[in-house]
Amino acid sequence: MSFERTQEKLKILADAAKYDVSCASSGSKRNNASKGLGDATGMGICHSYTEDGRCVSLLKILLTNYCIFDCAYCVTRKSNDIKRAAFQVQEVVDLTINFYRRNYIEGLFLSSGIFKSADYTMERLVAVAKKLRLEENFNGYIHLKSIPGASDELMKEAGLYADRLSVNIEIPTEEGLKLLAPEKRREDFIKPMVKVKNEIILYKSEKKLIKSTPKFAPGGQSTQMIIGASGESDQQIMWTSNYFYKKFNLKRVYYSGYIPISYDARLPQIGTAVPMLRENRLYQTDWLMRFYGFEVHEILNQEHQNLDLEVDPKLGWALRNLEQFPVDVNKAEKRMLARVPGLGMKSVYKIIEARRFRNLNWEHLQRMGVALNRAKYFLICESRNFERRDLTGPQLKSLILQNSTSKYQKVLSPQLNLFD
Ligand code: SF4
């Protein structure tokens, strides 16, 4: 295989992989000064986080962008007229090892279009991971995409070599999937998830008894949903996430705004991309559910089916529930402190620790790094001067927005702004 052909394949298959955000990726601009194989600029290097929170650079590619399916929302769909390419198993192994030795990457994120069948494709993804581990003694991070419909045996093997496995739900609702990917069945996504979940539990419990039991997908499993391709509300999206988190012990759900790329009448028109801010608000809601004790119905319900893009979902909830405030910082339970806009969980823990020794006032809170510009409207403390002055929710919202210098006005920030 010539150097040029490998480079061309890498260009095609790294570009095709960029639509998958389930490795928490961001583009890398790592240059190769020596001009050897693997000029990584824009060639599929992304960042991800390991189980212990380390940030790692990954080679992010598809094994192939040939696909027997025709999902309307996907650039790889068989009816799309694009350049196609496929790597051999050994080529991916060699690329990974070469990039790894040159310190470009610390791991591999490998996905694929489905060629021939789910098992035929999954077998090759597993073969890459197996060769890397057993023949190359590769100890870097490996994230494998599970192919919908893959057999239990292959999923079991995949978990023995990969750190993380993920299968994309793709469309949040079953009706949406029927409309945009009629050949696909929801059960085909569920089946590998169930297998991985059960094996993780089994291996963990065996490890307690037999120390030499190998790890099974130690980074757990995740999934991705495409947002805005099938007209679903934020409420429907978050209920789907909630279901998958609870039912399959997922580590993460990723939300990827659909970018219209075709003139298919079933899809939103070209030029109507989902605002980055909608993704951002969904991630914030997801965060509130996982770490702040919120239930989906508190944030999204029949009355509020979509998130307010102007304010984050915690502030939105607080503005609709003003009767639950002000919260006394010196007495409130952890659950209520966590619901105060401007208080992140770190601040909550600092407050709980500090108030064991003294009553806290605004100065103490400021020194702890609490975002008082929002929190002051929802808190009372030793100083007692409460800032809300009997404003209604909408009045308070406009006051906060007026006084906001960055967070709520930069509505198209490309970065995730999670909570302080
Ligand atoms: S099966 Fe996957 S790769 Fe193939 S068209 Fe559907 S979403 Fe794209």
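Good morning. Axes here are lines fitted to C-alpha atoms, for helices over the stretch in contact, and angles run from 0 to 180 degrees between N-to-C directions. Helices (H or I, at least four residues) and strands (E, at least two) are DSSP runs, numbered from the N terminus. The model is predicted: local features need pLDDT of at least 70, side-chain atom pairs count only at pLDDT 80 or more, and totals for chains, interfaces and linings use all residues. Residues are numbered from 1 along each chain as its sequence is written, and side-chain values use heavy atoms, with hydrogens and water left out.

I begin with two helices. Helix H4 (residues 152–161) packs on helix H6 (residues 186–209) at about 50 degrees, the axes being 9 Å apart. H4 is therefore oblique to H6, a class that takes whatever is not under 35 degrees (roughly parallel), over 145 (roughly antiparallel) or 65 to 115 (roughly perpendicular). On the H4 side, the contact (heavy atoms within 4.5 Å) is made by Asp152, Met155, Lys156 and Leu160.

I turn to the aromatic rings. Rings of Phe, Tyr and Trp (its six-membered ring) pair if their centres lie within 6.5 Å; planes under 30 degrees apart are stacked, over 60 edge-to-face and the rest tilted. The whole structure holds twelve aromatic pairs. Phe99 and Tyr104 have ring centres 5.4 Å apart and planes at 80 degrees, so they are edge-to-face. Phe325 and Phe378, with centres 5.1 Å apart and planes at 75 degrees, are likewise edge-to-face. This pair ties together parts 53 residues apart in sequence. Ring pairs also link Phe325 and Phe378 with Phe294 and Trp317 into a cluster.
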